Amino acid sequence: VEIAGTDQAPRLEGLARVHNGSLKIPGMPAPITAVAGNVECVPEASKLDRIEFAVLGGRGACSGRVTLVPRLELDLAIHVDRVRWPVITGLAPVLTGDLRLGGPLESLSLTGEAQLERTVYRERLNLQSLVLQEILGPERAAVGEAEPMSFSLLVRVPGTLEVDTDLAEFT
C-alpha cells in the first residue's frame, strides 16, 4: 500500500492483505478475530472482497466498500454462520444469515435476515434475583449526541425456540 498526500488529507493506494487480524467494536460482547482477506485501497475508498472472520463462536464473511471522502461511510454485505448472540445469562441463540451495514458512521443502518437455530433456554430463575440484577447491574453508557443506529432485522424462528423455566414454559 502506498501512503501519499498530506497530514490533513492522507491518500492510500494499493492492495493490503490481512491475515489473522482482530477488531474490537464498542458494544460488541467480544472482538472479531481471525480476520483475513484482501483490501483494495483507492484514493477515496477501500474495497473489501470477501474478508473472512470469526465472531462469537461462529464464522462470517464481509464484502463491500468503506468510503473515506468526503466522509466516512460504510456499504457492507455481511454473511454470518452459527454466531452465538448472548441475550441474557443462559440464553445465547445461534444465528445464521445475511446482513447489510450501511450509511455514515453517525447514522448507520443494519438490515437483513437471519434464522435462529434450535435454541433451548433452561435456567432456574428467581424473579427477585432478576430484579436485583437489573438494579445492581452496571449502568449502560448514555447514547451520545450522534443519531442512533437503526435496525431492521427479520429473524426467522421456525419452531426452534424452547423456554423451560420455573417462571414460563413454551415451545
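1. Hairpin. S7 and S8 form a hairpin, with four residues between them. The model is predicted. S7 covers residues 94-104 and S8 covers residues 109-116; the two pair in the antiparallel sense over eight bridges. Leucine 101 has leucine 110 in S8 as its bridge partner.

2. The other pairing of S8. S8 also pairs with strand S10 (residues 150-156), in the parallel sense and over seven bridges. Here threonine 111 has serine 152 in S10 as its bridge partner.

3. Nonpolar core. The largest nonpolar core has 20 residues. Phe53, Leu76, Ile78 and Leu101 touch the most other members. Strands S3 (32-42), S4 (45-55), S5 (58-67), S6 (73-84) and S7 each supply at least two residues of this core. The largest share, five residues, comes from S6. In soluble globular proteins, nonpolar side chains tend to be buried together.

4. Phenylalanine 53. Leaving out residues up to four places away in sequence, phenylalanine 53 touches a list that includes Ile32, Val35, Ala61, Cys62 and Ile78. Arg59 and His79 are also among its contacts.

5. Serine 46. This residue is found in strand S4. Serine 46 counts as buried because its relative accessible area, 12%, falls under 20%. Beyond its neighbours within four places in sequence, serine 46 is in contact with Val39, Glu40, Cys41, Gly64, Arg65, Val66 and Leu68.

6. Cysteines. The structure holds zero disulfides. Cysteine 41 is buried, with a relative accessible area of 10%. Cysteine 62 also counts as buried, at 10% relative accessibility.

7. Salt bridges. The count comes to seven. One joins the side chains of arginine 65 and glutamate 44 (3.7 Å, N to O). That pair links distant parts of the chain: arginine 65 lies in strand S5, glutamate 44 in the loop between S3 and S4, 21 residues apart. Arginine 65 is partly exposed at 30%, and glutamate 44 is partly exposed at 36%.

8. Loop-to-loop link. Glutamate 106 and arginine 71 meet through their side chains in a salt bridge (3.7 Å, N to O). Glutamate 106 sits in the loop between S7 and S8, and arginine 71 in the loop between S5 and S6, 35 residues apart. Arg71, Glu73 and Glu106 are linked in a network of salt bridges.

9. A distance to check. Which salt bridge has an N to O distance of 2.1 Å? The pair is glutamate 117 and arginine 82. Glutamate 117 is in the loop between S8 and strand S9 (119-121), arginine 82 in strand S6, 35 residues apart. Glutamate 117 is partly exposed at 25%; arginine 82 is partly exposed at 41%.

Definitions and conventions: Residues are numbered from 1 along each chain as its sequence is written. This is a predicted model: local features need pLDDT of at least 70, side-chain atom pairs count only at pLDDT 80 or more; totals for chains, interfaces and linings use all residues. Side-chain values use heavy atoms; hydrogens and water are left out. Two strands pair if DSSP finds at least two bridges between them. A nonpolar core is a set of buried Ala, Val, Leu, Ile, Met, Phe, Trp, Tyr and Cys residues joined through side-chain atoms within 4.5 Å. Buried means under 20% relative accessible area, exposed over 50%, partly exposed in between (1.4 Å probe, protein chains only). Contact means heavy atoms within 4.5 Å. A disulfide is a pair of cysteine sulfur atoms within 2.5 Å. A salt bridge is a side-chain nitrogen of Lys or Arg within 4 Å of a carboxyl oxygen of Asp or Glu.
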